[in-house]
Amino acid sequence: MANAPRAFVAGHPVGHSRSPLIHGSWLMRYGIDGVYSAVDVAPEDFAALLIDIRAGRWTGGNVTIPHKERAFELVDRRDAAAEAIGAVNTLWMDGEELVGGNTDAYGFAANLDQSLAGWRDGSSALVLGAGGASRAVLHALIEAGYERIDVVNRTVPRAQQLAARFGEAVSAHGWDEADNRLAEADLIVNTTSLGMEGQPPLPLDITRARTFAMATDIVYVPLQTPFLEMASRAGLRTADGLGMLLHQAAPGFEHWFGTWPEVDDVLRNLVIADLDKAAHG
């Protein structure tokens, strides 16, 4: 194992991460002599971790909260998605350069490719929420050719920042505009925790949605969020957020271990079983 590739997920805290389960499953499936570990790294120690990658002590790794923006600042080069989104979640070496990428937009789109056939044919989207995760969603929608993307958020200036960042296709609105925007959307994306246990209700009249509209949530705990249940009851085709988590892991695995892994029901069911265990354990 001395020369086996070694990768990580770094966060603080990091114990909740499913990345070791996902990558460990792929390492076993493809018979790869490699290691993928969860590493709890305090913010003040994060720069030292990147020195370890440059020194060859790690092949690379994933970065999660709270390190994504710091990784963006410290890498030698960023891929186009990381530049657009403003955060890095995947690290690898390219020759002498430490490269930072962002695979969240890829994961979002790949999940819909697998679960919502025809989503790329839409031209108008409604994105609920303007937090960090919505930046990856907006990048994916623009890459897919969406011409109009309405972002609805409680604090409109936050949504306006996104509109300024992503250009004329994106417009900002308060929740008072949500139902009107909904009535014109081909795809509705929830990035909020509204409607979840302990959270305020989701102020949306889903019956205003077009009959052919599709809906997806980036949250995957629970798998069927209140938003997705509401959309399903209204007859919309839906996709849960678990596929985004699974697909975003694939590009990093190829960088570190040299194989593009398959995202299939075997992997999905493995992670669902782990989520159920955590919920009832």
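**Figure 1. Pairing of β8 with β9 in the predicted model.** Strands β8 and β9 run parallel and are joined by four bridges. Val151 has Ala172 of β9 as its bridge partner. Together with helix α7, the two strands make up a β-α-β unit, and this unit is right-handed.

**Figure 2. The open sheet of six strands.** The strand order is β9-β8-β7-β10-β11-β12, with parallel pairing. At the edges are β9 (170-173) and β12 (237-239), each of which pairs on one side only. From one strand to the next, the twist averages 20 degrees. Helix α7, residues 156-166, packs on this sheet and touches β8 (148-152) and β9. The direction of α7 makes about 175 degrees with that of β9.

**Figure 3. Strands β7 and β10, with helix α9 lying across them.** β7 (residues 124-128) and β10 (residues 187-190) run parallel, and four bridges join them. Helix α9 is formed by residues 226-233 and lies across β7, β10, β11 (214-217) and β12. Relative to β11, α9 runs at about 165 degrees.

**Figure 4. Helix α1 and the elements its buried residues pack against.** Helix α1 spans residues 19-29. Its buried residues are Ser19, Ile22, His23, Ser25, Trp26 and Leu27. An α-helix has 3.6 residues a turn, so residues three or four places apart point the same way. Ser19, Ile22 and Trp26 are among the buried positions of α1. The buried residues of α1 pack against three strands, namely β1 (6-11), β2 (35-40) and β3 (60-63). They also pack against the helices α10 (242-248), α11 (250-257) and α12 (265-280). After α1 comes Gly31, which has a positive phi near 60 degrees.

**Figure 5. The largest pocket and its lining.** The volume of the largest pocket is about 970 Å³. Its lining consists of 33 residues. Of these, Thr64, Ile65, Lys68, Asp104 and Tyr220 are the closest to the pocket centre. At least two lining residues each are supplied by β3, α3 (68-74), α6 (132-143) and α10. Helix α6 gives the largest share of the lining, four residues. Two of the elements that supply the lining, β3 and α10, also pack against the buried residues of α1.

Conventions:
Residues are numbered from 1 along each chain as its sequence is written. This is a predicted model: local features need pLDDT of at least 70, side-chain atom pairs count only at pLDDT 80 or more; totals for chains, interfaces and linings use all residues. Side-chain values use heavy atoms; hydrogens and water are left out. Buried means under 20% relative accessible area, exposed over 50%, partly exposed in between (1.4 Å probe, protein chains only). Contact means heavy atoms within 4.5 Å. Two strands pair if DSSP finds at least two bridges between them. Axes are lines fitted to C-alpha atoms, for helices over the stretch in contact, and angles run from 0 to 180 degrees between N-to-C directions. A crossover is right-handed if, with the strands pointing away from the viewer, the path from the first strand over the helix to the second runs clockwise. On a 1 Å grid over the protein atoms alone, a cavity is a set of points where a 1.4 Å probe fits but cannot get out, and a pocket is an open set with protein on both sides within 12 Å along at least five of seven lines; lining residues have an atom within 4 Å of a point. Grid points are joined across faces, edges and corners, and a volume is the space filled by probe spheres set on the points.
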